[in-house]
Structures are given as structure tokens and as C-alpha cells.
Amino acid sequence: MSEAYKVECIRCGARFSKEDIVYTCRKCDGLLDIKYDYSEIDVERVVEAKGEGVWKYRVLLPFDENTKPVTINEGNTPLYRCDRLAKSIGITNLWVKHEGLNPSGSFKDRGMTVGVTKAVELGVKGVACASTGNTSASLAIFAAKAGIPCYVILPKGKVALGKVAQAMMHGAKILSLRGNFDDALRIVRVLCEEEKLYLLNSVNPYRLEGQKTIAFEVVEKLEWEVPDRVILPVGNAGNISAIFKGFSELKTLGITDSIPKMTGIQAEGAKPVVNAFKEGKEEIIPEDKPETIASAIRIGNPVNAAKALFAIRDSGGIAESVTDGEITEAQLELARLEGIGVEPASAASIAGLKKLVEIGEIERDEGIVCITTGHLLKDPERVIEICETPKEVDADVDAVRKMMI
Ligand SMILES: *Cc1c(COP(=O)(O)O)cnc(C)c1O
Ligand SMILES: [Zn+2]
């Protein structure tokens, strides 16, 4: 299908062959992007595409017609209209796309179905990643499905319980690193070069190709209308870059005529992208000790920062930070007003929306889509910290009645 793609450096334009296993530019260390010849793409095959989820948009994925995907039905997540939450925030048009309803419970599945399919095509001996949790859970599942070995490095004591449980259950070889996520990524990048394992962190441009389908699904569900703004949490900054790319492709193909204001939210204790954005800088200053209860975005040196800053600026968006308290409040509100259960990082999108409306950066009549990236059950320990514990009662009708009503 889209056999005619190129792997290109976003900084110096250097090109690499499809068989070359390369994650950043060998000339300048810039990030890589997959480029298509859009004039060759049949728009009908995007708009009229049949099927469900990521592979429905196969015409915009870097594989030929015969490739057999490694898939467990990722994508095709619901876009909920959220009127009760909108009312409480004081806005009129809010949707939440709940990526926590992917097979592993996070959007990472969209990237992994593409990344692991590529790994199989390349014939690698194994796949590897550093992870704050969800990347490892998702990679473990797709590696199991493909029947290839999976190696993951997690920052010790910093990964939510549900995520470690998944990586363990699906048979990944897990190392618990005495260091943080940024240390884990630095180390796994060296090992992937030296030991010929295939790196599936979001620095791998193929992963972002899968994740860009979030944009396609949003636009399709809105009957090919583009929302004014998309808000999501930013950690390693791959997803915001990927979604921006998806919207940009639809515009390039003439299917839509605008791109939403890409709005990235980070936690107060880990906000290098927000700092760079506000200071008008091209490059981030890494943070040594990122800290937040939103473990999925506890990242001090986001690898895709250059792509993300471009996405935010080019689309007229904004980057903002929120406190752990604001994240928790938003997590509870989303759960109790809309029945949408998300892990803390995902609630950062709602917390950011509330803050930006309050300070007047977001107009109250904008059409807004928040992306909730991971499921509530990923982080049950946090729930126990913030919710009231169930009260114990004797097995007696009157005793129960007294405590219940
Ligand atoms: C991975 C992840 C993020 C951060 O996404 P990036 O692409 O690293 O910016 C946010 N929320 C959840 C739940 C995640 O798993
Ligand atoms: Zn380069």
C-alpha cells in the first residue's frame, strides 16, 4: 500500500532506507519522520475505509499490501460527549476520547501494533523498551502475540501496579532499574544499538505512525469536522506529535481544512516542554528529578520535545502545567460526572482544560476534545489513596441499614 514512504530526519533532511534499523539521524542526531508521497494516496481509501481501529487506515501506514499485522484490535475507542463535565467547567462543547479502552488499557497499543509489525518484518531477535509502565505493558502483549522476546526496563518503585502486572503476566523479561525513566531510556538505547534488539520507545518513528490514527478517528466520529482544540497529557511527547501529524495529513490530503490547536499538559513537577514553550525556546532544558503522582508523565527529558514544540506552535496551541492536586480533582470529577475512569496522567488533560478556561486562554464556546490516555485500573494504589475506604459492617440487615442510609 504505502510502500513508497521515506524515513527522513526532521532537522537535516537526511534519508534512511526502510531496511536500516535507525532511531535518530546518523548525521545530526535529529528525530526521524516517516514521509509519504501524498499525491499517490487515494483519498477515497481514507474516507471510505472499511474495518475498525488502527489498520483501517492502512493506506496511511508504512507497509505494503501483503503485510500481515500483529494486531489485537487496538484503536476504535469511543469519543464521549461530556455535557455534565462541560457544564461544571463552564464550556459548551466537550468530548473525551477514552484511549484507556484500548486492549492493554492505554493508547500505547496503537503504536505497538505498528512497531511490532515492523519488528517482525525486519526479523529482529527481540524487542525492548524503557517505560513508566504502559509502554512495557503494551509491548509485552504485542511481543507475546508475535512470539518474540521482550525486554523492559522500569524505574524501580515508580511504576503503577496494574502496568507491572501486565508486563509480568505477558512474559516480558523485566528489570527494575535503580534510576528514573530518563536513565532507563538512556541505557536501553545503548543496549538496542549494541545488542541488536529493536527499540520500541516513542523515539521510534514507526510507533508514532500508529498513534496518529487517534486524529483520524476523532475527525471521522465528528463527521469529518475538525475540533477547535485537542488537549492531552505530555510525557515523552510522542503522542502529541503523532496526533498533530494525523491532523496534518488529513489537511494535506484535502479531507479537512484546519488543524486543532494542539494543547499539551504536563505536571508541575515535570514540565520541560511547558518551560521551553513559555520561554519561546526551541530546545528543552532536561529536569533531573521529575516528580508527580501522574507516573506516566514523570519524565524530565522528553525525547520527542522538538516535534511536540513544533506541533504546539504551528497549530496555535499552548503548553500548560497543572499541580498533582488539580490532577486528582479532575480525575475524580471525570469519574463522577461522566463515568470515565482514568489514571492520573490522563486526568491532566481535564485539569489543564479547567485551568486554561479559568485564566481565559480557552474560549468557552470552543469545540474541545480531551484525550484520556490510560485506564483507571492501571493505578489502583492511587485510588486507594484518594478515595474513602469501604466501611466494615456486621452481616446483619439492621446494622447494614444503619450504615448505608
Ligand atoms: C505514555 C503515556 C502518556 C505520555 O505520552 P507521551 O507520548 O510520552 O507524551 C500519557 N498518559 C499515559 C497514560 C501514558 O501511558
Ligand atoms: Zn539529521
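The accessible surface of the protein comes to about 17400 Å², and 50% of that area belongs to carbon and sulfur atoms (Shrake-Rupley method, 1.4 Å probe). This is a predicted model, in which local features need pLDDT of at least 70, side-chain atom pairs count only at pLDDT 80 or more, and totals for chains, interfaces and linings use all residues. Residues are numbered from 1 along each chain as its sequence is written, ligands are numbered from 1 in the order in which they are written, and side-chain values use heavy atoms, without hydrogens and water.

**Overall**
- Of the 405 residues in the protein, 57% are buried (under 20% relative accessible area; exposed is over 50%, partly exposed in between; 1.4 Å probe, protein chains only).
- The C-alpha atoms fill a box of roughly 70 × 45 × 45 Å along the principal axes.

**Zinc site**
- Cys9, Cys12, Cys25 and Cys28 coordinate the zinc ion (ligand 2) through their SG atoms at 2.3 to 2.4 Å (donors are N, O and S atoms within 2.8 Å of the metal, or 3.2 Å for Na, K and Ca).
- Along the chain, the donors follow the spacing C-x2-C-x12-C-x2-C.
- Cys25 is buried, at 3% relative accessible area, whereas Cys28 is partly exposed at 23%.

**Strand E12**
- Strand E12 (residues 318-322) is largely enclosed by the rest of the structure, because 5 of its 5 residues are buried (strands are DSSP runs of E, at least two residues, numbered from the N terminus).
- On one side of E12 lie Ile318, Glu320 and Val322, and on the other Ala319 and Ser321, all buried.
- E12 pairs with strand E11 (residues 261-267) in the parallel sense over 5 bridges (pairing needs at least two DSSP bridges).
- Ala319 in E12 is the bridge partner of Gly264.

Technical notes: Helices (H or I, at least four residues) and strands (E, at least two) are DSSP runs, numbered from the N terminus.
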